[in-house]
Amino acid sequence: MPKPLLIAFLYLPFVLLLLLSSTINANTTQRRQQQFKEAPQYYNSPDCPSILNDAESQSDSIFCSDEAVHVAMTLDTAYIRGSMAAILSILQHSSCPQNIAFHFVASASANASLLRATISASFPYLKFRVYTFDDSAVARLISTSIRSALDCPLNYARSYFAEILPLCVRRVVYLDSDLVLVDDIAKLAATALGDDSVLAAPEYCNANFEYYFTPSFWSNPSLSLTFADRKACYFNTGVMVIDLDRWRDGQFTTRIEEWMELQKRMRIYELGSLPPFLLVFAGKIVPVDHRWNQHGLGGDNFRGLCRDLHPGPVSLLHWSGKGKPWARLDANRPCPLDALWAPYDLLQTPFSLDS
């Protein structure tokens with residue numbers, strides 16, 4: 001055997017051992033990243049509405065109670081750390097935390113049992129349910145966008161809440177997983193929707209609305225006239241108050257899907273799940289005070305540069321954009337405002353695991 005081949009043959013076991021060791025270390029690190037500390041238990045203040053006193057029946061009744069604040073979020077392993085922080089922030093700043101019902105929607109391809117167990121371990125007293133979203137049904141309607149992360153089918157689950165959640169759930173507050181609240185969510189949930197509005201969301205009329213659609217859309221009169229009778233503004237779908245009864249009555253899921261089907265035939269927008277919402281709802285929503293969406297803290301979608309807070313009061317901090325605070329903290333390259341997210345991080349550190 002030639003000498004170079006002999007040397008390679010002799011060193012092969014050591015190379016395999018190193019590869020195996022790297023794999024084990026990576027798996028161990030991944031397991032550690034999925035372990036979270038138990039959060040404190042939070043209790044209602046004396047003036048909170050009563051939702052049955054019997055603990056056993058309460059666990060079921062709250063999910064259909066109009067007295068409860070219903071919070072809907074998507075749930076997956078990629079953003080579970082952000083979700084845990086968001087949950088903690090909601091409970092910590094609520095005056096009636098025991099009156100909050102959480103509705104988590106997970107992909108049918110996800111390990112729902114693991115996600116459920118993870119939530120239960122950190123929040124043993126949390127009132128929540130995990131629902132399955134058949135993401136294969138919407139996958140056929142998704143067109144590629146400027147960021148691959150925006151093409152995840154779970155991003156489109158919010159268009160299907162009216163079908164996924166029980167019919168008795170009449171109103172929900174939808175929240176993204178990359179945010180924390182520093183105010184009582186009951187205030188946001190109480191947003192008045194008027195006589196016929198389906199949803200409320202933070203609205204930004206100073207944004208260039210034309211940017212969200214292609215020249216092909218604006219040059220086609222039959223399409224651009226969609227906004228002719230509305231004062232259409234961009235709004236952020238990461239924070240929404242939704243009347244599910246009105247959504248069901250108006251068959252708004254079907255309306256959104258019709259625009260997505262058109263997008264498959266002729267490209268009319270670039271930004272994932274947002275434009276179909278704009279096409280259906282822009283100019284018809286109730287605007288939410290901007291204090292409930294200090295957005296863009298993740299930076300721009302291309303470079304993820306650090307951003308400052310917008311002027312004005314703050315009730316909700318939203319790391320929308322490319323950069324996420326947990327990723328930047330792990331990489332030791334945090335933005336200054338990531339320090340506001342860190343106190344809600346429940347990730348169990350390697351030191352605390354070993355001690």
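The accessible surface of the chain amounts to about 17,600 Å², and 55% of this area belongs to carbon and sulfur atoms; areas were calculated by the Shrake-Rupley method with a 1.4 Å probe, and for residues only the protein chains shown count as cover. The model is a predicted one, in which local features require pLDDT of at least 70 and side-chain atom pairs count only at pLDDT 80 or more, whereas totals for chains, interfaces and linings use all residues. Residues are numbered from 1 along each chain as its sequence is written, and side-chain values use heavy atoms, with hydrogens and water left out.

Of the 355 residues of the chain, 50% count as buried, a class defined by under 20% relative accessible area, with exposed meaning over 50% and partly exposed in between (1.4 Å probe, protein chains only). The chain contains 14 helices and 10 strands, taken as DSSP runs numbered from the N terminus (helices H or I, at least four residues; strands E, at least two). Among contacts with a separation of 6 or more, 76% join residues 24 or more positions apart, a contact being heavy atoms within 4.5 Å.

Helix α3 (residues 80-92) comprises 13 residues and reaches 18 Å from its first C-alpha to its last, close to the 18 Å expected at 1.5 Å a residue; the expected span is 1.5 Å times one less than the number of residues. Because 12 of its 13 residues are buried, α3 is largely enclosed by the rest of the structure. The buried residues of α3 include Arg81, Ser83 and Ser89 as well as Ile80, Met84, Ile87 and Leu91. Ile90, also located in α3, is buried with a relative accessible area of 0%. Apart from neighbours within four places in sequence, Ile90 is in contact with Val71, Ile100, Phe102, Leu175, Leu181 and Ile185. The C-alpha atoms of Ile90 and Asp183 are separated by 7.9 Å, although these residues stand 93 residues apart along the chain.

Helix α12 (residues 274-281) is likewise largely enclosed by the rest of the structure, since eight of its eight residues are buried. These residues are Leu274, Pro275, Pro276, Phe277, Leu278, Leu279, Val280 and Phe281. Their cover includes the strands β6 (199-204), β7 (234-235) and β8 (239-243), together with the helices α8 (215-218), α10 (244-250) and α11 (252-265). After α12 comes Gly283, with a positive phi near 85°.

The second largest pocket has a volume of about 320 Å³. On a 1 Å grid over the protein atoms alone, a pocket is an open set of points with protein on both sides within 12 Å along at least five of seven lines, as distinct from a cavity, where a 1.4 Å probe fits but cannot get out; lining residues have an atom within 4 Å of a point. Grid points are joined across faces, edges and corners, and the volume is the space filled by probe spheres set on the points. The lining of this second largest pocket consists of 16 residues, with Asp66, Ala68, His70, Arg171 and Ala189 lying nearest its centre. Two or more lining residues are given by each of β1 (69-75), β4 (171-175) and α7 (185-189), and β4 supplies the largest share, three residues. By class, the lining residues are eight nonpolar, two polar and six charged (nonpolar: Ala, Val, Leu, Ile, Met, Phe, Trp, Tyr, Cys and Pro; charged: Asp, Glu, Lys and Arg; polar: the others, Gly among them).

Several loop positions were also examined. Glu67 lies between α2 (55-61) and β1 and is partly exposed, with a relative accessible area of 49%. Beyond neighbours within four places in sequence, Glu67 is in contact with Pro49 and Ile51, and its C-alpha is separated by 9.2 Å from that of Ile100, 33 residues apart along the chain. Gly323, in the loop between β10 (316-318) and α13, is buried, with a relative accessible area of 11%.

Most residues other than glycine have a negative phi. Gln251, however, has a positive phi of about 50°; this residue lies in the loop between α10 and α11 and counts as exposed at 53% relative accessibility. Asn332 also has a positive phi, near 60°. Asn332 is placed in the loop between α13 (325-330) and α14 (350-354) and, at 67% relative accessibility, counts as exposed.
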